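Hello,

Here is the structure I promised to pass on. Please open it first; my notes follow below.

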Amino acid sequence: MINKPASARITFFAALVASHALSGCSGDDGNGTGASGDPQAATSGASVSGSGGGTTTGGSTTTGEGSASTSGVGGEGGMSGGGGSPGTGGEGGSMDGKVPPEPSAGCNKANPQTGSAQSPLNVSNHQYYVKLPTGYDASKPYPVMIMFNPTGNPISWAEQNAGFEVTGPKEAWIRVYPHPANSNSGWGANDVSFFEPLYEEITGNFCIDKARVFAAGESSGGDFSSILGCEHADKLRAVGPCATKNVPQYQLNAGTRDCTGQVTSVVIHGERDSVVGTENGPKTRDFYTALNHCGTSTTPVEGYTDNLSNCVMYQGCDEGYPVYWCEHGDPNYQNTNHGWPAFAPKFLWSLFSTY
């Protein structure tokens with residue numbers, strides 16, 4: 001058991017191990033410009049930089065996708081303590097205290113089809129494609145990040161803007177990029193039934209560590225990843241919903257929702273989001289703090305305390321299932337404070353790689 005530090009501000013890794021205790025925890029609708037530069041000093045996650053040209057007006061997309069260039073070598077140094085290197089630990093290594101990898105049916109399957117943004121695969125009336133790690137080994141189970149893009153953008157948006165096509169994730173994770181059935185409508189509660197066929201498809205064709213399946217998204221993609229964190233918690237280890245809005249067909253009520261389990265949740269929302277407003281971020285946060293039986297006190301996450309990230313971790317959550325709240329002031333996109341902020345990919349990569 002690792003004791004929590006007495007200091008009010010603790011390191012990112014200390015926050016993780018204090019929550020997990022290293023004892024059996026498994027390891028809109030708008031349009032984006034892409035990451036505008038990582039404000040944090042590189043610790044162990046991937047840094048991102050870039051710019052792009054999408055704009056939003058009143059929540060509707062007025063141009064196509066934003067474009068982002070990504071760069072960085074984060075993820076190679078690892079985190080101090082027992083969490084392992086994010087570049088390797090997330091791949092199901094033998095790190096003490098980590099749940100062993102759970103190989104999927106796709107392990108040892110030769111030459112699986114990955115598709116591409118130009119020639120996507122199709123399952124349950126949804127397009128998707130898969131990016132494999134550098135030097136993909138079909139006998140080795142990999143963690144997977146499923147990233148859901150925002151409304152009104154092409155299927156390539158998340159690959160180009162979410163920040164996981166950098167050193168670290170590219171070498172250690174499988175990345176899956178699905179597309180809503182109707183891009184103009186985005187992701188919604190009606191898409192929940194699509195997730196299981198997608199899950200069966202990717203776990204049946206690729207060597208995936210089923211103990212380390214992650215989902216995240218922005219805007220309506222954030223709504224959807226949040227919904228999946230309840231409806232398919234039995235398949236997901238953690239979620240990262242960003243810039244969510246109210247979904248009338250799916251009310252966030254922890255007392256009435258019959259979730260299939262628990263997930264770690266990183267809830268990200270702009271403090272001045274002018275596209276979807278600011279109300280639903282706290283509702284999403286409160287939904288997960290209730291599900292994971294968290295207390296009301298929080299601890300700032302060192303390295304993510306400036307206005308461009310502003311992340312805290314809730315105390316007292318069920319062991320292995322912390323909840324993080326990042327009410328950021330990043331001006332993305334086009335100064336709307338809506339969308340996928342620059343710190344997010346590094347934060348998620350650093351955190352999820354400790355599982």
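Start with a charge over a ring. The charged end of arginine 285 sits above the ring of tryptophan 325, 5.0 Å from its centre. Such a case needs CZ of Arg or NZ of Lys within 6 Å of the ring centre and within 35 degrees of the ring normal. Arginine 257 lies over the face of tyrosine 250, at 3.6 Å from the ring centre.

Before you go further, note that this is a predicted model: local features need pLDDT of at least 70, side-chain atom pairs count only at pLDDT 80 or more, and totals for chains, interfaces and linings use all residues. Residues are numbered from 1 along each chain as its sequence is written, and side-chain values use heavy atoms, with hydrogens and water left out.

Next, the aromatic pairs. Rings of Phe, Tyr and Trp (its six-membered ring) pair if their centres lie within 6.5 Å; planes under 30 degrees apart are stacked, over 60 edge-to-face, and the rest tilted. By this rule there are 18 aromatic pairs. One of them joins tryptophan 173 and tryptophan 349: the centres are 4.8 Å apart and the planes at 70 degrees, so the pair is edge-to-face. The two residues are 176 apart in the chain. Tryptophan 173 is in the loop between helix 3 (169–172) and strand 6 (174–178), and tryptophan 349 is in helix 7 (residues 344–352). Helices (H or I, at least four residues) and strands (E, at least two) are DSSP runs, numbered from the N terminus.

Are these two tryptophans buried or exposed? Tryptophan 173 is buried, at 0% relative accessible area. Tryptophan 349 is also buried, at 0%. Buried means under 20% relative accessible area, exposed over 50%, partly exposed in between (1.4 Å probe, protein chains only).

Tyrosine 304 and phenylalanine 347 form another edge-to-face pair, 4.8 Å centre to centre with 75 degrees between the planes. Tyrosine 304 lies in the loop between strand 10 (298–300) and strand 11 (311–314) and phenylalanine 347 in helix 7, so the pair ties together parts 43 residues apart in sequence. Tyrosine 304 is buried at 2% relative accessibility. Phenylalanine 347 is buried at 0%.

Ring pairs also build a cluster. Its members are Phe164, Trp173, Phe214, Trp349, Phe352 and Tyr355.

Last, helix 4 (residues 192–205). Its buried residues include Phe194, Phe195, Leu198 and Tyr199. Seen down the axis of helix 4, the buried residues fall within an arc of 165 degrees, so they line one face. That arc is taken from the directions from the helix axis to the C-beta atoms.

Best wishes
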